[in-house]
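Hello,

Here is the structure I promised to pass on. My notes on its pockets and aromatic rings follow below.

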Amino acid sequence: NPLLILLLVPAFNGFVLPQGGRRVPGLYDLAGSVVRVTPLRKISAGLFLLAASFLLPLHVETRIAAGEAPSIGLQLLAYLVLTSAEVLVSVTGLEFAYTQAPTKMKSAVMALFLASTALGNLFTALVNLLITNADGSTATSDVAYFCFFVALMFVVAVAFVPFAYTFREQTFVQGGEDDPRPHEVETAAAVGQPQQQWRAGGAPCSRGVKHVDSVSS
């Protein structure tokens, strides 16, 4: 998984060749030629891909339960799809949580984002605890176990879509000592909604929407 992340992050974002400094476009650039790629759209796609990635282990477990011996290549493919979803959701979400938080709340918002990972781990541990018998065996089959998580992740992905559709992005850039207030700069909205941009000192930019006297938490 760590190796795949190191390979997939530049594959998605693109990279610069050491000789000549030419930038090689990534998957985001290719997708951007068809649709506008925004952080929330990345996360939405990643959530659905995450649910789909568990269909591969489910397929493997179904074949094992039927007495077959599936290839280990299916497990490697599952890791590839799962890590791709992790790049779309986790990496993008980490950046999104930081940029969307006002300056005075960045540490708190980042802590909450990381706490959400801990809550997910606790939920999985609780599920495992509830299906474990006193003798250490499980009360459900592996197929039912994976079916539960596939259904759960699909429900979460569907529930996230309305949020991504209505949320308006406002990127707060860390201010310096002379201007400790956050700046609100132009950013793409989740699904093509009107953009906003602001300049330090409360002055609107050339394409700004209105005057802001204070932008703080």
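The helices α3 (39-53), α5 (73-100), α6 (106-130) and α7 (142-166) each supply at least two residues of the lining of the largest pocket. Helices here are DSSP runs (H or I, at least four residues), numbered from the N terminus. Please keep in mind that this is a predicted model: local features need pLDDT of at least 70, side-chain atom pairs count only at pLDDT 80 or more, and totals for chains, interfaces and linings use all residues. Residues are numbered from 1 along each chain as its sequence is written, and side-chain values use heavy atoms, with hydrogens and water left out.

With nine residues, α5 gives the most to that lining. By class, the lining of the largest pocket has 22 nonpolar (Ala, Val, Leu, Ile, Met, Phe, Trp, Tyr, Cys and Pro), eight polar and one charged (Asp, Glu, Lys and Arg) residues, the others, Gly among them, being polar.

Now the rings. There are nine aromatic pairs in the structure (ring centres of Phe, Tyr or Trp, its six-membered ring, within 6.5 Å; planes under 30 degrees apart are stacked, over 60 edge-to-face, the rest tilted). F12 and Y28 make a tilted one, at 5.5 Å centre to centre and 50° between the planes. F12 lies in helix α1 (residues 2-13) and Y28 in helix α2 (residues 27-32), so this pair ties together parts 16 residues apart in sequence. F54, Y145, F146, F148 and F149 form one aromatic cluster.

Best wishes
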